[in-house]
Amino acid sequence: MSTRSTRMEPVRRVADQRAQEAAKRLAERQEALEQERERLEQLGAFRREYEQKLAFAGQNGIDAYRLRDYNAFLGRIDQAIAQQREQLHRIEAEAEKLREHWLAEWGNARALEQLVERYRAHERRDAEAREQRQNDELARQRRGRT
């Protein structure tokens, strides 16, 4: 005889697998997010370093062509920083969606786990009651023979 808990067990396992897969995807996205934050920080540090070089060159005198080149390069760095920020925001949004998906999958898996456990508890109580009835019946039969 197949019990409800036995029939629900494959469903529970699938839900657990889906929650684990969602957690894995979230962890991967969070790792990518951290890498993108590091890239943004590196770009910012590079820009600050380059600004210091410009300031030092300005103290010693700089011709208009070199000043134009410095400013053009700073503009490209600023553009790269803006693009990196956009990338960072996009990945943050993806990570948030994955986190919400994981929470939903995890909640579903926990709910199914609780349901299967309730079924098992109910089945244990039924089995215990059945055993008690059988023991009571055997006791009555014994008393009837003596």
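**Charged pairs and their surroundings**

Guide: Welcome! In this predicted model, Glu117 and Arg120 form a salt bridge, with their closest N and O atoms 3.9 Å apart.

Visitor: Why is the contact between Glu117 and Arg120 called a salt bridge?

Guide: The rule asks for a side-chain nitrogen of Lys or Arg within 4 Å of a carboxyl oxygen of Asp or Glu. The pair's closest N and O atoms are 3.9 Å apart, so the contact meets that rule. Both residues sit in helix H2 (residues 64-145), 3 residues apart, about one turn of the helix. Salt bridges with shared partners also link Glu117 and Arg120 into one network, whose members include Glu9, Arg12 and Asp16.

Visitor: How do you know whether Glu36 is buried or exposed?

Guide: Buried means under 20% relative accessible area. Glu36 has 8%, so it counts as buried. Its salt-bridge partner is Arg39, at 2.3 Å from N to O. Arg39 has 39% relative accessibility and counts as partly exposed.

Visitor: What makes Asp69 and Arg68 a salt bridge?

Guide: Their side chains meet at 3.5 Å, N to O, and the cut-off is within 4 Å, so the pair qualifies.

Visitor: How many salt bridges does this rule give?

Guide: The count comes to 21.

How values were computed:
Residues are numbered from 1 along each chain as its sequence is written. This is a predicted model: local features need pLDDT of at least 70, side-chain atom pairs count only at pLDDT 80 or more; totals for chains, interfaces and linings use all residues. Side-chain values use heavy atoms; hydrogens and water are left out. Buried means under 20% relative accessible area, exposed over 50%, partly exposed in between (1.4 Å probe, protein chains only). Helices (H or I, at least four residues) and strands (E, at least two) are DSSP runs, numbered from the N terminus.
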